[in-house]
Amino acid sequence: MRASAVVEALTEAAGRRRSAGLNLLPLSLRAVFIGAMGGSGAALLMLSIQALQRWIWGAAMGSGQAIDRPWFWCLAVPISIGALLALFGAQTAPGRLPEFGDTLAGLHQPPDAGTGCCGRLRQALAGGLALLGGATIGPEALVTHSVAGLSRWIWRGRDQAVARAVLAGRSGFIGLPRLGPIALTGWPAALLWRWLPASSAGIAAFYACQGLRAFGLDGAGPGISDLWPRQPLPALLIAIVGAAIGCACGHGLQRWRRWLQSRRGLGSSRLAPVATGLVLGLAMQALPLSVFSGESQLQPLLLGSLPLRAPLLLLSGLAKLLLAGLCLETGWRGGLIFPAVAGCAAIGIGLDQLHPGLAEAGIWCGSVVGGSLAVLMPTPRVALVLGLLLLHGQGAAALVVGVMISGAIHRRLVS
């Protein structure tokens with residue numbers, strides 16, 4: 001009697017496991033579907049925006065060279081888009097496009113019912129207009145927000161744990177598959193069967209739709225320095241100096257944004273986006289390297305193919321950081337990653353030109369970029385992954401030193 005009861009219990013348990021396994025299949029297929037939709041949608045969205053940018057601004061758009069458009073065009077377009085952003089209320093909280101980190105943080109929370117589908121659509125439209133207007137912002141915030149909105153809409157009313165896992169996996173759309181596990185840190189391992197199908201399908205679709213080219217991540221990158229410098233001791237000293245400069249750039253950008261946030265009425269004034277459009281139009285004429293997101297500027301910067309000398313590179317890099325903060329706080333919303341990396345890379349290349357022969361250009365560039373990302377990114381791991389990918393691994397040793405030194409300084413300052 002007892003033996004038959006044990007056999008019966010084992011048979012029942014095996015049936016439950018078989019049933020649970022069969023139930024995983026449709027959910028995994030849904031995860032594959034939404035992952036592929038997100039990956040292809042992210043790539044196609046960016047390719048479409050870049051095609052419109054080239055139509056508006058010409059072939060030299062975003063390369064750091066002079067804009068091939070008359071001066072009145074460079075003023076009229078950003079000012080007009082600033083007026084549209086003010087009309088959408090993009091400078092206020094309801095119409096403000098979330099930044100990349102805010103969207104990732106929202107993966108662990110239910111969707112905001114107060115925003116609504118129309119509100120999220122308005123935020124995405126404002127982010128697209130800002131990119132078309134030449135704002136010094138990155139595309140990652142718009143694409144993450146759009147993919148997250150699509151995923152939440154498809155998964156509405158279903159397993160929200162699966163939806164969050166899919167969204168976290170979709171953070172691989174910019175070639176950063178490690179951010180999926182980082183976003184899921186502390187979650188049960190059982191979620192991997194939901195995340196892995198979505199992330200794998202999404203990254204495959206992103207590659208197939210030329211997404212790397214859209215984000216400037218294709219190619220092996222320029223050979224401005226080896227993985228390990230030829231003169232380790234001077235390179236280490238330069239990397240420490242560069243890390244301190246990058247840390248100062250990151251803290252300066254944060255303080256600039258806090259100062260703008262403290263200005264009364266700036267976040268609600270309808271003139272703020274229009275005034276920022278005027279500033280962007282003037283910057284296009286004087287410092288073309290300081291505008292646009294920066295993903296297409298990194299390659300010519302690292303190759304040294306831009307006809308810019310050290311003072312102009314340093315001024316353009318600083319202006320890019322200041323313009324990024326100004327755009328983000330006045331309704332021209334987007335991401336901070338690409339403009340921060342491009343601006344700090346310009347500063348690093350400018351410092352190398354000021355002191356030629358001290359070290360390879362990649363040492364200056366990698367250490368300054370790593371120092372700034374260590375301050376601006378949530379964790380050193382994210383800063384390191386982003387720096388290695390966006391600089392194509394060049395100056396990798398200096399980048400590691402920059403992240404470590406700047407992280408230690410940052411922790412001391414905030415403690």
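Predicted model: local features only at pLDDT ≥ 70, side-chain atom pairs only at ≥ 80, totals over all residues.

Trainee: In which helix is V143 found?

Mentor: Residues are numbered from 1 along each chain as its sequence is written, and side-chain values use heavy atoms, without hydrogens and water. Helices are DSSP runs of H or I, at least four residues, and strands are runs of E, at least two, numbered from the N terminus. Residues 140-154 form the helix that holds V143, and that helix is α5.

Trainee: Is V143 buried or exposed?

Mentor: Buried means under 20% relative accessible area, exposed means over 50%, and partly exposed lies in between, with a 1.4 Å probe and protein chains only. The relative accessibility of V143 is 0%, so V143 counts as buried.

Trainee: How many residues has the core that includes V143?

Mentor: A nonpolar core is a set of buried Ala, Val, Leu, Ile, Met, Phe, Trp, Tyr and Cys residues joined through side-chain atoms within 4.5 Å. The largest one has 82 residues, and W57, L85, W332, V341, V369 and M377 have the most contacts inside it. V143 sits in another core, apart from that one, with A43, V147 and F206 also among its members; its size is 6 residues.

Trainee: Which residues does V369 touch?

Mentor: V369 is among the residues with the most contacts inside the largest core. Contact means heavy atoms within 4.5 Å. Leaving out residues up to four places away in sequence, V369 touches V341, C344, A345, L391 and L399.

Trainee: How many aromatic pairs does a search of the whole structure find?

Mentor: Rings of Phe, Tyr and Trp (its six-membered ring) pair if their centres lie within 6.5 Å; planes under 30 degrees apart count as stacked, over 60 as edge-to-face and the rest as tilted. The search finds 3.

Trainee: How many residues apart in sequence are the parts that W57 and F292 tie together?

Mentor: W57 counts as buried because its relative accessibility is 0%. F292 is buried too, at 3%. W57 lies in helix α1 (residues 2-57) and F292 in the loop between α11 (271-286) and α12 (298-303), so the pair bridges a separation of 235 residues.

Trainee: Why is the pair of W256 and W259 named as it is?

Mentor: Both residues lie in helix α10 (residues 232-262), 3 residues apart, about one turn of the helix. W256 has 24% relative accessibility and so counts as partly exposed, as does W259 at 43%. The ring centres are 5.8 Å apart and the planes at 10 degrees, so the pair is stacked.

Trainee: How far apart are the end C-alpha atoms of helix α17?

Mentor: The expected span of a helix is 1.5 Å times one less than its number of residues. Helix α17 (residues 396-414) has 19 residues and should span 27 Å, which agrees with an end-to-end C-alpha distance of 27 Å.

Trainee: What covers the buried residues of α17?

Mentor: The buried residues of α17 include L399, V401, V403 and H410. In α16 (residues 380-390), V382, A383, V385, L386, G387 and L390 are buried. The cover over α17 includes α10, α15 (361-376) and α16.

Trainee: How many disulfides are found?

Mentor: A disulfide is a pair of cysteine sulfur atoms within 2.5 Å. The sulfur of C249 is 4.8 Å from its closest cysteine sulfur, in C344, which is too far for a bond. For C365 the closest is also in C344, at 9.0 Å, again too far. The number of disulfides is 0.

Trainee: Which helix has the lowest mean pLDDT?

Mentor: The chain averages 78, and 76% of its residues reach 70 or more. Helix α13 (residues 310-329) has the highest mean among the elements, 94. Over residues 172-187 pLDDT stays under 50, although the model has 43 contacts there beyond four places in sequence. The lowest mean, 47, belongs to residues 179-183, helix α7.

Definitions and conventions. pLDDT = per-residue confidence, 0-100.
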